[in-house]
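Notebook open, structure loaded. I want to jot down what I looked up, entry by entry.

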2 protein chains.
Amino acid sequence: MPRLSNAKEQIMDRARRLLQSHGFEGFSYRDISSQLGIKNAAIHYHFPTKSDLGQALVEDFCEETRQQIAFARENLTVRKQLDAYFERMAQEFDRDNSLCPVGAMTTSLGTISDSMRNSLNQLSALVVDWLTETLEKGRNNGDVEFSGDARSKAIQISAAMQGARQLSRLNCSNQVERVAGQFKEELYKEPS
Amino acid sequence: MPRLSNAKEQIMDRARRLLQSHGFEGFSYRDISSQLGIKNAAIHYHFPTKSDLGQALVEDFCEETRQQIAFARENLTVRKQLDAYFERMAQEFDRDNSLCPVGAMTTSLGTISDSMRNSLNQLSALVVDWLTETLEKGRNNGDVEFSGDARSKAIQISAAMQGARQLSRLNCSNQVERVAGQFKEELYKEPS
DNA sequence: CGGGTAACTTACTTACATGTAAGTTAGAAC
DNA sequence: GTTCTAACTTACATGTAAGTAAGTTACCCG
């Protein structure tokens, strides 16, 4: 039995996929260990409790999102930032039919640890805050067009993306692109 | 021990609440039986397998939705129909922080029976079809305003409502009304 | 009032999930 | 080459879920 070179990473990678397709309570250490050819207890060595694993996963999502947002903010115009966001949502779904982390955890909100819930909240806020800021900026410089409060629009968009990924899994077709396309048509009505 | 007068209904009522707050795999027969003061096996008498219970629940949702749509179609103007839909989403959430059935089941799609999945699909299609038809009708008679394909708009709206209920549970505030308000502002821009 | 059936309870099986404790092995470090 | 430790495995404990079979009770019907 050759040992895994980077067990922790491999465990998190599997857990991540399982989380995004079956939810937090929808997978077990067994699912992970059997896929990696190791034993259950090996996972407990790296993540003593499932809550520890979940916490690590959500923090990972946060970090990744933070980096993507930081990059977008510094390097892209408003429209390119929004395009990249829509594109990422569609691609993530296309790759493996995955849910967004927040959507995948909503049914588990009652059972997860406070710290996990907190990180999830941060993750959601990260996206909404960035969207709000970007939409506002775009409206000011004429890049995008929409009515009402920028934060309301941001919440509307992020909720729709989350829901679209779920609906897409149900009827086996990528509605993410379709919903994104609808938003783009509305936001970009007047060519910049 | 006084027997329950209408056990089947009471079981379904409890199951429905549990489903919409914890997901299909997030509750057990034990949760229901303890709440009703009966034994686990009593539920198995009415619903031999959990799949039978789930099936009954989803079909119930379908029936209820069909009736609401039929009533709306026959008695309400386009704007009143949409208002009623938005209102219902917000109220359902306000009442008990519940998820919409489709949203509550997305993480279980891999494990539920084909017939359940099928009914869920029907439920989702019911709403989207009605929304599509209503939006199209409204655009033709000037009640509502939006750009692009009516079905895309319908999917966008229903996905956003589903997502909004989930986000609302996460950050403990009713974002459903907010998102609905944003849609209304956009759809009703020109007073009819 | 006696019997049959619907609606249960009791008691059990099987399977699986989380988690712990103690023992084992591979490899780096000296 | 021995030793120390990280990274495991083996074995077990506990809890809980789904489901079944057989027995029990309440009640309506003739």
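**Two helices in chain B**

I began with one helix pair: α5(B) and α9(B) are roughly antiparallel to each other, and that follows from the angle between them, since anything over 145 degrees counts as roughly antiparallel. This is a predicted model, so I'm reading every number here as computed from it.

The angle itself comes out at about 170°, and the two axes sit 9 Å apart. For my own bearings, α5 of chain B covers residues 78-96 and α9 of chain B covers residues 175-187.

Next I looked up who touches whom. On the α5(B) side I noted Leu82(B), Asp83(B), Phe86(B), Met89(B), Ala90(B), Phe93(B) and Asp94(B). Across from them, α9(B) brings Val176(B), Glu177(B), Ala180(B), Phe183(B), Lys184(B) and Leu187(B). Sorted by class, the residues of this contact are 9 nonpolar and 4 charged, with no polar ones.

**Chain A, the overall fold**

I then checked the secondary structure of chain A and found 9 helices and 0 strands. Read from the N terminus, the elements are α-α-α-α-α-α-α-α-α. I also noted the span of the C-alpha trace of chain A along its principal axes, about 60 × 35 × 30 Å.

**How the copies relate**

I superposed chain A on chain B: a rotation of 180° does it, with 0.0 Å of shift along the axis and an RMSD of 0.0 Å. The two copies are thus related as by a two-fold rotation axis.

Which residue of chain A comes closest to the rotation axis? I got Ala160(A), with its C-alpha at 1.8 Å.

For the interface, 98% of the interface residues of chain A are also interface residues in chain B, so the copies meet through the same surface.

**Cavity search**

Last, I searched the whole structure for cavities of 30 Å³ or more and got 1. The largest cavity has a volume of about 100 Å³. Its lining is made of 14 residues, and those nearest the centre are Glu25(A), Gly26(A), Thr107(A), Glu25(B) and Thr107(B). By class I logged that lining as 10 polar, 2 nonpolar and 2 charged residues.

Key
Residues numbered from 1 in each chain as written. Chains lettered and ligands numbered in written order. Predicted model: local features only at pLDDT ≥ 70, side-chain atom pairs only at ≥ 80, totals over all residues. Heavy atoms only, no water. Least-squares fit on C-alpha atoms with pLDDT ≥ 70 in both. Contact = heavy atoms within 4.5 Å. Axes fitted to C-alpha atoms, helices over the stretch in contact; angles between N-to-C directions. Helix = DSSP H or I, 4+ residues; strand = E, 2+ residues; numbered from the N terminus. Parallel < 35°, antiparallel > 145°, perpendicular 65-115°, else oblique. Nonpolar A, V, L, I, M, F, W, Y, C, P; charged D, E, K, R; others polar. 1 Å grid on protein atoms, 1.4 Å probe; cavity = no way out; pocket = protein on both sides within 12 Å on 5 of 7 lines; lining within 4 Å. Points joined across faces, edges and corners; volume = space filled by probe spheres on them.
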